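Thank you all for coming; please have a look at the sequence and the structure on the screen before I start.

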Amino acid sequence: MAGKTIVVTSGKGGVGKTTTVANIGTTLAKKKYSVVLIDADIGLRNLDVVMGLENRIVYNLVDIIEGKCRMQQAMIRDRKLANLYIIPAAQTREKNAVQPEQMKTLCAELMEEFDFVLIDCPAGIEQGFKNAVAGAQTALVVTTPEVSAIRDADRVIGLLEAAMLHDIHLIINRLNQKMVKKGDMMSTQDIVGLLAVPLLGVVPESEDVVVSTNRGIPLVHDRGSRAGVAFQRIAARLNGENVPLDDNGAEGFFGRMKRFIWS
Amino acid sequence: MLKAIRRFFGERASGEVARKRMQVVLMHDRVDLTPDIMEALKNDILAVLSRYMEIDNKTIRVDLEKGKEYTALVSNVHIKRVYRRAATS
């Protein structure tokens, strides 16, 4: 197998799984890797709107698995990048329309063709989670600096380890550096200390995320966005590049200048 | 400003409060000991101990304590009297 399957999960909903998948996937595709993103959130699909591809859906994940279409027919090519595809979730089906074994087979097939297979996991820890995790070798756990998200992340880490998935990395999303400085938000160190999983990166809280999802254009296309830069660095680290872990929301004078010029 | 005053009078920052609370919550989640199991455990410990000594039933406490690299089960029991010979069951 040439490629690698990575599942993005969190337990709690609304912490930024889909945003993470869209931005890491887009960054890797910009680096000329072939990438396919799978929306495993059957019944509540969203990756298509975040990527701005909602008008092009004909077939979906369940159609592939049930043999109603060929794999290529359900893959939608990105508007900007020719080596980036998404497989949308079915919107009118239930989570148990798919079985973990079928996901495993699908991921194995996709890994023959693609360098990266990224799976957007549904919230929760039921069937949908088990499906999304089944074919993956690596898991990225997304959390925000809030007690509910952290507790759920810890549960998910336990379940991943129980499923013998040990290559787990943590992404902290929506960190507000100002609040951390005031002592009103748990810091990166606090969260890493609690969850005891290696940190892949920190994404600062940013209004840019809403703007980018409004438009359906992933943040990493916008060079002026700090959150976008954070996602680019996370993708680079995931790819094994040596990018230091210093982007915890702080930014130097030159960083600000560069951002000012690009924006 | 009000916050600063409260801090001055010893109120901990909410981030620190959250961290401490999560430490306890995650520890319990991970060990997966429900209050029911803890209660059963307490009763079992009590039963074993009372074969050797007289115990103040109301004072027994069983808690999980988090060290740097371990989780400890700490039980505190007040002994009234130790029997001369262990009672045979």
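Let me begin with a term I shall need throughout: two residues are in contact if their C-beta atoms, placed from the backbone, lie within 7 Å. This is a predicted model, in which local features need pLDDT of at least 70 and side-chain atom pairs count only at pLDDT 80 or more, while totals for chains, interfaces and linings use all residues. Residues are numbered from 1 along each chain as its sequence is written, and chains are lettered from A and ligands numbered from 1 in the order in which they are written.

In α5(A), the residues A:P100, A:M103 and A:K104 meet A:K130, A:N131 and A:A134 of α6(A). By class, the residues of this contact are three nonpolar, one polar and two charged, where Ala, Val, Leu, Ile, Met, Phe, Trp, Tyr, Cys and Pro count as nonpolar, Asp, Glu, Lys and Arg as charged, and the others, Gly among them, as polar.

How do the axes of α5 (residues 100-113) and α6 (residues 127-134) of chain A cross? They come within 7 Å and cross at roughly 30°, the axes being lines fitted to C-alpha atoms, for helices over the stretch in contact, with angles from 0 to 180 degrees between N-to-C directions. Angles under 35 degrees count as roughly parallel, over 145 as roughly antiparallel, 65 to 115 as roughly perpendicular and the rest as oblique, and α5(A) and α6(A) are therefore roughly parallel to each other.

Leaving aside neighbours within four places in sequence, A:I119 is in contact with A:T5, A:V7, A:V8, A:I38, A:A40, A:A132 and A:A136.

Turning to where the chains touch, the contact takes 14 residues from chain A and 13 residues from chain B. On the side of chain A that touches chain B, α7 (147-162) and α9 (188-195) of chain A each supply at least two residues, and α7(A) gives the most, with six. That side of chain A has six nonpolar, three polar and five charged residues.

Finally, chain B has three helices and four strands, which follow the pattern α-α-α-β-β-β-β when read along the sequence. Among contacts in chain B between residues at least 6 apart in sequence, 52% join residues at least 24 apart.
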